[in-house]
Amino acid sequence: FGDIVAADKPAVLPTHSQGAGDTSLLAAVRAAEDDDALQPAHRLDVGTSGPVLFASGEDLRALGRAFESGGVHKEYLALVKGVPRKSGRVRGEGETVGRGPEETRYRLERVVGGYGLVRVFPVTGRRHQIRRHLRRIGHPILGDERYGDPRANRFLAETCALVRTFLHLAVIEAPGPAGGTMRVEAPLPPELELVLERLTKLREKPAGPGRDPMNAGGEGGTSVPDPSVTDL
């Protein structure tokens, strides 16, 4: 994309360095491109994987304006506790005062072993927004230590080797430096594909007492009523 670089971030790697001498995606991209002026136009949390856009100068400023104005389209894949509605929308005031309401849309892609694989479309992009909104409707993301369900997380760690948040940026579209639209797609990383495969096989086998993946972490098949949630 001209002088704009797209780099696929592993879940374990922070976008920025967390301390002196720590590795980061930024350091890796600067070394690979031999360009210390590059900066990330956005960030992904540790535990979240997917493409991050890097640029400098006017390209970076243009991307920043696009993110601020809602001119960037993002699609995430998340595996959540229980099975949510086929589609919906979550709205509400954010954690940051004065920044207006937050909004997240989602669509159920398929059911895997009693859990919902959802495609999430954040209309706004606030800190931990997707993770907070999915918890609000009663379907927290599996593997999420901060906003997730501890019992469900333990079950998935023990049976399916899920040791990270099951949240992945699959698609990002942004204005290109020469006009038009840049589109970057990133498939699920192998460790998340493995979780889906193991869940599918696990569901095909009879579960022992208290080991039903559908009910791990408590009943999760019905959304918690919330006036900020709307069916689409």
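Helix 2 provides the largest share of the lining of the largest pocket, namely five residues, where helices (H or I, at least four residues) and strands (E, at least two) are DSSP runs numbered from the N terminus. The structure is a predicted model, in which local features need pLDDT of at least 70 and side-chain atom pairs count only at pLDDT 80 or more, whereas totals for chains, interfaces and linings use all residues. Residues are numbered from 1 along each chain as its sequence is written, and side-chain values use heavy atoms, with hydrogens and water left out.

The largest pocket has a volume of about 760 Å³. A pocket is here an open set of points, on a 1 Å grid over the protein atoms alone, where a 1.4 Å probe fits and with protein on both sides within 12 Å along at least five of seven lines; lining residues have an atom within 4 Å of a point. Grid points are joined across faces, edges and corners, and a volume is the space filled by probe spheres set on the points. The lining comprises 28 residues, of which Lys74, Thr124, Gly125, Arg126 and Arg127 lie nearest the centre of the pocket. At least two lining residues are supplied by each of helix 2 (57-69), strand 4 (73-80) and helix 3 (129-136). By class, ten of the lining residues are nonpolar, ten polar and eight charged, with Ala, Val, Leu, Ile, Met, Phe, Trp, Tyr, Cys and Pro counted as nonpolar, Asp, Glu, Lys and Arg as charged, and the others, Gly among them, as polar.

The second largest pocket holds about 260 Å³ of space. Its lining has 15 residues, with Gly143, Glu145, Val163, Arg164 and Thr165 nearest the centre, and divides into six nonpolar, four polar and five charged residues. Val163 is placed in the loop between helix 4 (150-160) and strand 8, and is exposed, with a relative accessible area of 74%; buried means under 20% relative accessible area, exposed over 50%, and partly exposed in between (1.4 Å probe, protein chains only). Val163 and Glu145, 18 residues apart in sequence, are separated by 9.8 Å from C-alpha to C-alpha.

Ala161 also lies in the loop between helix 4 and strand 8, and has a positive phi of about 60° although it is not a glycine; with 36% relative accessibility, Ala161 counts as partly exposed. A positive phi, near 55°, is likewise found at His128, a residue other than glycine. His128 is located in the loop between strand 7 (115-122) and helix 3, and is buried, with a relative accessible area of 10%.

Across the chain, the secondary structure amounts to five helices and ten strands, and 50% of the 232 residues count as buried. When residues up to four places away in sequence are not counted, Leu156 touches Tyr115, Leu142, Ala161, Leu162, Val195 and Leu199, a contact being heavy atoms within 4.5 Å. Of the contacts in the chain with a separation of 6 or more, 62% are between residues 24 or more positions apart.
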